[in-house]
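Here are some notes on the model, as requested.

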Amino acid sequence: MVIDPQSLDVGTVYKLMSNTIFPRPIAWISTEGETGVNLAPFSYFIPVSSEPPCVMVSIGQSEEGGLKDTAKNILLHSKATISLADDHKAGLIDATAEAFAYGVNEAEKFGIAMAKIADEYPPCVADAKAALLCSLHQEVSLNGSEQIILFLKIDAFYYADEVVDERYNVKLENIGRVGRDYLVDAKRMKV
Ligand SMILES: Cc1cc2nc3c(=O)[nH]c(=O)nc-3n(C[C@H](O)[C@H](O)[C@H](O)COP(=O)(O)O)c2cc1C
């Protein structure tokens, strides 16, 4: 079967993309705005360059139209902290995806402890095993799209001591995204 995306509504295109291109990592992004911390998940998220070390996150419009709080804050302060989460956090990740009014602190609302790693960056999820402290590197508008494409430069990698060794080998059990479900316990295979 060959499917022309132009014959489909955008929800169906999303369904095909998110069930086909997987597992996708989840960026649990904390940002700081005029009113405090904001925390929300994003899975249109991928590494794009090691020099400079950059990731891309693609952010859609809010339900009322206009910028989502995460995009608003990154464009305002140029900083974002991306926490990587394991399967214990699936429920909370989902909860923080709800569209709240600007200024609602999702972490506070759902009792998610946050911790500062460095003063100039938003706090990460306190028990995340890894986080990326990022600055806005570039904003790109995608032709024909209302998505905002943000390239974020990794200024610092944070790891809990037990998941990284002195040779920079990292052991994480990140949760993934498949369609609207979560992928857990993905197994590694050496070839
Ligand atoms: C696992 C997961 C992944 C998501 N990925 C994206 C994404 O890549 N881009 C996007 O715009 N929204 C994505 N969403 C929806 C946002 O999290 C949601 O719109 C959220 O309310 C945005 O919060 P904010 O307004 O505080 O930034 C995702 C939701 C979930 C649960």
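1. In this predicted model, the shell around the ligand is made up of 10 nonpolar, six polar and five charged residues. Of the 21 residues around the ligand, Ala40, Tyr44, Asp69, Thr70 and Ala97 come nearest. Two or more shell residues are given by each of strand 3, strand 5, helix 2 and helix 3 (90-95).

2. Strand 3 supplies the largest share of the shell around the ligand, namely four residues. Five of the seven residues in strand 3 are buried, and the strand is mostly covered.

3. Strand 3 pairs with strand 2 in the antiparallel sense, over seven bridges. The two strands are joined by a hairpin through two residues.

4. The largest nonpolar core holds 34 residues, and the members touching the most others are Ala27, Trp28, Val57, Ile82, Ala85 and Ala131. Elements that give two or more residues to this core include strand 2 (27-33), strand 3 (36-42), strand 5 (53-59) and helix 2 (69-77). Strand 6 (79-84), strand 8 (124-125), strand 9 (130-141) and strand 10 (148-159) are also among them. With five residues, strand 9 makes the largest contribution to this core.

5. Which residues does Ile82 touch, not counting residues up to four places away in sequence? The contacts of Ile82 on that basis are Ala27, Trp28, Ile29, Ala131, Leu132 and Cys134.

Note on methods
Residues numbered from 1 in each chain as written. Predicted model: local features only at pLDDT ≥ 70, side-chain atom pairs only at ≥ 80, totals over all residues. Core = buried A, V, L, I, M, F, W, Y, C linked by C-beta atoms within 7 Å. Buried ≥ 20, exposed ≤ 12 C-beta atoms within 10 Å, placed from the backbone. Contact = placed C-beta atoms within 7 Å. Near = placed C-beta within 6 Å. Nonpolar A, V, L, I, M, F, W, Y, C, P; charged D, E, K, R; others polar. Pairing = 2+ DSSP bridges.
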